[in-house]
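User: Please take me through this model in a series of questions and answers.

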Amino acid sequence: MQALIALTKRPRGRALLTRAGAADQLAQMLTSLGLYDDPTIARTLGWDAEAVVARGHALRQAEGRP
């Protein structure tokens, strides 16, 4: 997996993967998953970690849990 991700970050590696259709699709998916670590990109993709934590906290308070 790490080798595949490394290939996607290099222009020649990316070109090589485009020749193998399924591998290219997998590489795109892995690259996209790697972007979820960046909060600004994650928010644009619909994931806001702070909002998830706030909802969980509110739910615990509403149910009387610590």
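User: How is the model numbered, and which pLDDT do local features need?
Analyst: Residues are numbered from 1 along each chain as its sequence is written. This is a predicted model in which side-chain values use heavy atoms, without hydrogens and water, totals for chains, interfaces and linings use all residues, side-chain atom pairs count only at pLDDT 80 or more, and local features need pLDDT of at least 70.

User: Which element has the highest mean pLDDT?
Analyst: pLDDT is the predictor's confidence in each residue, from 0 to 100. Its mean over the protein is 80, and 97% of the residues reach 70 or more. Among the elements, helix α3 (residues 21–35) has the lowest mean, 73, and the highest, 92, belongs to α5.

User: What pattern does the protein follow along the sequence?
Analyst: Helices (H or I, at least four residues) and strands (E, at least two) are DSSP runs, numbered from the N terminus. The protein has 5 helices and 0 strands. Read along the sequence, the pattern is α-α-α-α-α.

User: What radius of gyration does the protein have, against that of a compact globule?
Analyst: The radius is taken over C-alpha atoms, and the globule rule is 2.2 Å times the number of residues to the power 0.38. The C-alpha trace spans about 55 × 20 × 15 Å along its principal axes. A compact globule of 66 residues would come near 11 Å, but the protein has 18 Å.

User: What share of the residues is buried?
Analyst: Buried means under 20% relative accessible area, exposed over 50%, and partly exposed in between (1.4 Å probe, protein chains only). In helix α1 (residues 2–8) lies A3, which is exposed because its relative accessibility is 56%. L7 is also placed in helix α1, and its 30% makes it partly exposed. Of the 66 residues in the protein, the buried share is 12%.

User: How far does α5 reach from its first C-alpha to its last?
Analyst: The expected span of a helix is 1.5 Å times one less than its number of residues. With 15 residues, α5 is expected to span 21 Å, and its reach is close to that, at 21 Å.

User: Which residues make the nonpolar surface patch?
Analyst: Patches are made of residues with over 30% relative accessible area and no salt bridge; like charges are joined within 9 Å, and nonpolar side chains (Val, Leu, Ile, Met, Phe, Trp, Tyr) within 5 Å. One member, L45, sits in the loop between α4 (39–44) and α5 (49–63) and is partly exposed because its relative accessibility is 47%. The patch covers about 430 Å² and is made by L33, Y36, L45 and W47.

User: What is the N to O distance in the salt bridge of D48 and R43?
Analyst: A salt bridge is a side-chain nitrogen of Lys or Arg within 4 Å of a carboxyl oxygen of Asp or Glu. The structure holds 2 of them. D48 is partly exposed because its relative accessible area is 29%, and R43 is partly exposed at 40%. Their side chains meet at an N to O distance of 3.6 Å.

User: With which residue does E63 form a salt bridge?
Analyst: E63 is partly exposed because its relative accessible area is 48%. After α5 comes G64, whose phi is positive, near 75°. The closest N and O atoms of the salt bridge are 2.8 Å apart, and the partner of E63 is R65.

Conventions:
Accessible areas come from the Shrake-Rupley method with a 1.4 Å probe; for residues, only the protein chains shown count as cover.
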